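Me: Could you walk me through this structure, one question at a time? I am new to it.

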4 protein chains.
Amino acid sequence: MILTKVDRVPKKIKSEDYSMEAVKLRQEWLSERKGLALEPITHLPYVPEMMRKNIENLIGSMQIPLGVAGPIEVHGEHANGLYYVPFATTQGTMLESYHRGMNVITLSGGAQVRIEDNKVDITPVFLFNRMNEAPVFIEWVRDNFESIRKEAESTTRYGKLLSIQPRIIGRRVYLTFAYSVGDASGLNMINIASYKACEYIKQAYSGRTRYYLRSNMSSDKKPSYFNLIQSYGKRVTADAVIPAKIIKKNFQTTPEQMRDFWFSSIPASFQGGMIGTNAHYANGLAAIFIATGQDIAQIVNASMGIGILELTEEGDLYISATLPCLIVATVGGGTGLPHQKKCLEIMDCAGEGKVEKLAEIIAATLLGGEISIMAALSNSTFAEADIRLRGR
Amino acid sequence: MILTKVDRVPKKIKSEDYSMEAVKLRQEWLSERKGLALEPITHLPYVPEMMRKNIENLIGSMQIPLGVAGPIEVHGEHANGLYYVPFATTQGTMLESYHRGMNVITLSGGAQVRIEDNKVDITPVFLFNRMNEAPVFIEWVRDNFESIRKEAESTTRYGKLLSIQPRIIGRRVYLTFAYSVGDASGLNMINIASYKACEYIKQAYSGRTRYYLRSNMSSDKKPSYFNLIQSYGKRVTADAVIPAKIIKKNFQTTPEQMRDFWFSSIPASFQGGMIGTNAHYANGLAAIFIATGQDIAQIVNASMGIGILELTEEGDLYISATLPCLIVATVGGGTGLPHQKKCLEIMDCAGEGKVEKLAEIIAATLLGGEISIMAALSNSTFAEADIRLRGR
Amino acid sequence: MILTKVDRVPKKIKSEDYSMEAVKLRQEWLSERKGLALEPITHLPYVPEMMRKNIENLIGSMQIPLGVAGPIEVHGEHANGLYYVPFATTQGTMLESYHRGMNVITLSGGAQVRIEDNKVDITPVFLFNRMNEAPVFIEWVRDNFESIRKEAESTTRYGKLLSIQPRIIGRRVYLTFAYSVGDASGLNMINIASYKACEYIKQAYSGRTRYYLRSNMSSDKKPSYFNLIQSYGKRVTADAVIPAKIIKKNFQTTPEQMRDFWFSSIPASFQGGMIGTNAHYANGLAAIFIATGQDIAQIVNASMGIGILELTEEGDLYISATLPCLIVATVGGGTGLPHQKKCLEIMDCAGEGKVEKLAEIIAATLLGGEISIMAALSNSTFAEADIRLRGR
Amino acid sequence: MILTKVDRVPKKIKSEDYSMEAVKLRQEWLSERKGLALEPITHLPYVPEMMRKNIENLIGSMQIPLGVAGPIEVHGEHANGLYYVPFATTQGTMLESYHRGMNVITLSGGAQVRIEDNKVDITPVFLFNRMNEAPVFIEWVRDNFESIRKEAESTTRYGKLLSIQPRIIGRRVYLTFAYSVGDASGLNMINIASYKACEYIKQAYSGRTRYYLRSNMSSDKKPSYFNLIQSYGKRVTADAVIPAKIIKKNFQTTPEQMRDFWFSSIPASFQGGMIGTNAHYANGLAAIFIATGQDIAQIVNASMGIGILELTEEGDLYISATLPCLIVATVGGGTGLPHQKKCLEIMDCAGEGKVEKLAEIIAATLLGGEISIMAALSNSTFAEADIRLRGR
């Protein structure tokens, strides 16, 4: 069959039509165009209307295998106790690897977790003819911070504008707006608030400048040192001490061997220009983010972290995970969909007032994933897990 | 209810038990522990057995809204024609934004796409007492490349060992093994092959060294310049020329305005230490990766790319997307699960011999996403889309 | 002749002995050991005593060819007028290239220059047993900032402690102390001040922590994004507009061609992971730093900058140089030596109250170097300059 | 006195006139313009004519304090024995600190040094209308490598074109030409050779492309991961083992304490986005580069290195320095000037066939500098050295 360019979804089925009829029409149309039966996608266990705020051109719902790992014992300021963590993934052996590490943390008294910073930023750019107009503008922005803040905050119940940090590059001024955003991921919130603020600035500064709302200084979903260094979302650190005998019993390796392995990755991380250093935060983040309705692409920033492994004076294993850029939500986005909400509920993390708790559980869970994979890599059982998987 | 540390999944339900009974037992157990009804997760539309190679501790399957974008016209060496691209996402307005950009590419004659490089690497580390033992070892590896290659390739039907690149750092030697991997993502394949090769080296080099299989030089799922510069997976470039009148009609902006916006993000990308520069490759990658059963965490590397926007001599819009680190698969991993396979089939990309085609379609699709978001950011309709979303 | 390990400089000639006799003894000893006449080094035009604070084991003084470039017209807040800039270099054609660019700026009305930020930082690290001790310590530091500041400032007349920024990584707390440092480069000053402050913290916090004075978070003389993003020393931006006709007359190229050249380097800068982007700031910095007695190794940080080249609406050339990490001094270090001081005087930049002026002149000068080399690279006269050099 | 824009060096004194008369005229002119006596610059101990290939607009010669450090025992493939290393610097206590570390290496049996790679590259960019023209061009370049090589090598006696590595970004093709360059730094050599090669390509490819000779992919004198990862100049590694008792006697610290200090800088290096990690390679490089007539700005690349510090099984100190980007010369540039040549002769490194030896001595010397500063930082004598300096 030859497709022609006019073969788009028929105009009468609008991309924002979430009726069962529209979904079926799209399915039929796509099925016909591609000469392809669309089961099982057409089973559509979700009522389409539920997905109104989450997608367009809806044709059904994907399914991803869902498992549970843990319990992990977490001692944070918001999470305190034992948690089972849902993982949605198609990557065999990964959940099990995390699971083992999480259990080992629990057996060792749990992970300590603290959130150090908590803000999201966006950097509009203002344009001028010559650079010497910039310092005057920056001074004006400083003098009018309160008015700008009011404009920004008029658009949101939860968002608070914390600061505006200017930087001149050539004849452009980049203003980094930092916000606290409550329990949402906050990206839409800060877009809208900053749009309002920038429109105000443009007008109040009497037409002597123009602007664009985004500039890639604050990097949303692109790895960047700006985010790593100044944090983007929550900056969270988790640590744990695992007694040598627990390491030996559970992983057939030793803290010394794990340190020796980890240490050998450090020169390589520097040589290769890795942004931060860790083993596989991204795997756990992806699985938990899918299970809990997060903005999946945020794993790009969230996975930049710094993992440290040392021996204690007693010869036990000290391990930490520092995540400067963890953006998660317990309200908004995909967090309200039925499966996703249920997964949040499994951790008692659904709804308002729960986002710090979720961040703490995630950080502790990643720590578990690191212990497990580094144990396996330190005694060559890592490749064997892959070999076993092939045999399943 | 107080959880105690022994409250793990009962030992009799092994994490690798995929029977319906085991799944139900896990659900009951978790439901009881958390005092929580687990619907809709318990609906379990997949036969659990299907997920044997994809997860452990299975409790059900997640659902993610699934839509379709396009068609996009692609002119690659493997993909050639019009393609509908499945997106699984919970991020409202994102699919629609990509959809508009893809249509605009199609209206303009399609995107050119080429794959420039195609390999995956892994870097074991070999340890010595002093650095001066390293050059001798490296020479030995060079002299014995053929034997090492045979060992590695003995473990795989599809993988080919292309080269071994050594680097000395202090008293360690890092050997970067580069493979071609066929239609799979190849990560398990190269783990197993390199394990075999390293065991051979260790033995044949008469115990004068020891090694670890991974070292963070080849960065799997962590952003890294090593990957960006030397490529990891497929290095793909797509470009398109969009006539000014199509830009104006579809986006109410102009190529000049889009260039002005894009250009203002360049100083910011340098200042912020962004790895590559682009607008939101990660969003499209996440949605397509979920829909097609990819290893989701690979978006961390895949999203590092270089997007260029220029005016042609005729004043039309030239735009390109270069993706040095695209790892995708059409066999293995999650690609064989029912929904995922169906989504691959929608693009005629399921199974062997299709991976380059899939890579080309993805690169062209990302180009569409860039056009659309940059158009919206250049004329301030971007924030308005967020505002509209709130009103849905 | 065989050297034995005991052949060190005789102990009686202490490395800090600056008498003419000691210098001569070292020369004789070295001459004898190496069987080598040491002229012209032995001419020693400096009185050795002068160099007491600048070197040890003195054997003479190096000579470097010294030339003068300019005048360059500078419009800063501290420099305002025409300046001749001394270059000490052995790199043929480099001074001349800068000279041409500086003259072209002057012919075009001069460069605007502004200093945006002005601080130097150092990051001691404090060690704890577990991460959860860190937030308490950070709170204590915040509560005791005034006492800490007094301790630090008690060691210096000019240094002011502006802020302390904490970051937790694992079980360590990194405290970034930022200072304003007056007309000196400030490195010794902040070492001493922070040492005093840290000793105070250690004691006042009752032995519950220990520390190291430096940690590589604040990167002294190593390229680092921390410095690029948060600035280290002075953050300076210079810009200029060069009329198309001046470009054509002086460089036989056009603004369009220069833009085309410059633009082609942008994708490469991203691909290659360049820190910032510019053509050759480091050359001018090295020559001026040597001529004016700066700490030469500071060119490592200073040379990380962001150069932007655009066309104005009139088709003229807009060019800017943003230098986030310029550390220079007009007092202390090598600035008081006779030649060095004379070179500072040529720019009216010797002594107190002159350091911002010097920074502004340097930034404008680098802009000149960029114009000149980019003109030459845009019309292929660059290689020809090298060919000409060979023929001299 | 008011300077007008016409006040440039009188046209009759050409910037390339190296006669004593021209120098004196420039001095008088500058002296008059600035109302400033120019002694001691006017002493001019060099015969101006000597500096013909090294500078323009000559007005005299700078002087920099010159000292000697060492001896350091080096065991390389080219350097083998004890070496005294000249340092030209104005940075008090720096030479002495290096000196102590170098002596400690010598007392411990010397440093091992090896050169792993040895090439310099340059990356011209070729422009096309659309990306799909790129693969054809790249194939053509591969097919015509021999002809291109001949053209390039026709311009040089020593340079050899080793390889051409292509990369497509959008519609541009970047060709990285790698050369071996003999004893020169090679920058002029590869500019001229590549210019010849590119002119040939342009013509032979029948006008279907145009190019620029440089693109910032190969980064000359700008810090860049491209260089760090693929090396630029010589890739050199030095290591040494220092017995605990020598550490204790010479530095009043222990290997454990030094390791503890060094280790605490690792999380900070990752957090701060340092390029590589080391303490102060740049200081030693600057001092030796000035003393030996190197291209000073090359310390920007050369200072990016990876330093590792560990304990041996016996509890002694293992330390290594890996320098991926060391560009040095023993012929050409400033190496033939009288003082500079003499300093090279002190190390038996003047002239042809000596450049690898020089590279090895430098790497070993930097290792000495690291030991010394890390010892001082591990026991708080670092700040005390600064305090002592102030008292001199």
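Me: Thanks! Let's start with charges: which side chain does D260(A) meet in a salt bridge?

Reply: Before the answer, some ground rules: this is a predicted model, where local features need pLDDT of at least 70, side-chain atom pairs count only at pLDDT 80 or more, and totals for chains, interfaces and linings use all residues. Residues are numbered from 1 along each chain as its sequence is written, chains are lettered from A and ligands numbered from 1 in the order in which they are written, and side-chain values use heavy atoms, with hydrogens and water left out. A salt bridge here is a side-chain nitrogen of Lys or Arg within 4 Å of a carboxyl oxygen of Asp or Glu. At 2.8 Å from N to O, the partner of D260(A) is R210(B).

Me: Why does that pair join two chains?

Reply: Helices (H or I, at least four residues) and strands (E, at least two) are DSSP runs, numbered from the N terminus. D260(A) sits in helix 8 (residues 255–271) of chain A, while R210(B) belongs to strand 7 (residues 210–212), so the pair joins two chains because this strand is in chain B.

Me: Is R210(B) buried or partly exposed?

Reply: The cut-offs are these: buried means under 20% relative accessible area, exposed over 50%, and partly exposed in between (1.4 Å probe, protein chains only). With a relative accessible area of 42%, R210(B) is partly exposed.

Me: Which residue forms a salt bridge with D239(B), and where do the two lie?

Reply: The closest N and O atoms are 3.1 Å apart, and the partner is R130(D). D239(B) is in strand 8 (residues 233–242) of chain B, so the pair joins two chains, with R130(D) in the loop between strand 4 (125–127) and helix 3 (134–143) of chain D.

Me: What is the relative accessibility of D239(B)?

Reply: D239(B) counts as buried. Its relative accessibility is 0%.

Me: Which residues are linked with R149(A) in a network of salt bridges?

Reply: R149(A) bonds with E146(A) in a salt bridge, the closest N and O atoms being 2.6 Å apart. Both lie in helix 4 (residues 145–153) of chain A, three residues apart, about one turn of the helix. E146(A) counts as partly exposed, at 40% relative accessibility. The residues linked with R149(A) in the network are E146(A) and E153(A).

Me: How many salt bridges are there over all chains?

Reply: A search of the whole structure covers every chain. The number found is 56.

Me: What rotation superposes chain B on chain C?

Reply: Copies are superposed by least squares on the C-alpha atoms of residues with pLDDT of at least 70 in both. For chain B on chain C, the RMSD is 0.0 Å and the shift along the axis is 0.0 Å, with a rotation of 180 degrees. The two copies are thus related as by a two-fold rotation axis.

Me: How many cavities of 30 Å³ or more are there, and what is the volume of the largest cavity?

Reply: On a 1 Å grid over the protein atoms alone, a cavity is a set of points where a 1.4 Å probe fits but cannot get out, and lining residues have an atom within 4 Å of a point. Grid points are joined across faces, edges and corners, and a volume is the space filled by probe spheres set on the points. The count of cavities is 10, and the largest has a volume of about 110 Å³.

Me: Which element gives the most to the lining of the largest cavity?

Reply: Of the 17 lining residues, those closest to the centre are A88(C), T89(C), T90(C), Q294(D) and I296(D). The lining divides into 10 nonpolar (Ala, Val, Leu, Ile, Met, Phe, Trp, Tyr, Cys and Pro), one charged (Asp, Glu, Lys and Arg) and six polar residues (the others, Gly among them). With four residues, the element that gives the most is helix 9 of chain C.

Me: How many residues of helix 9 of chain C are buried?

Reply: This helix is mostly covered. Just after it, G293(C) takes a positive phi of about 75 degrees. The buried residues of helix 9 of chain C number 11 of 11.

Terms used. 1 Å grid on protein atoms, 1.4 Å probe; cavity = no way out; pocket = protein on both sides within 12 Å on 5 of 7 lines; lining within 4 Å.
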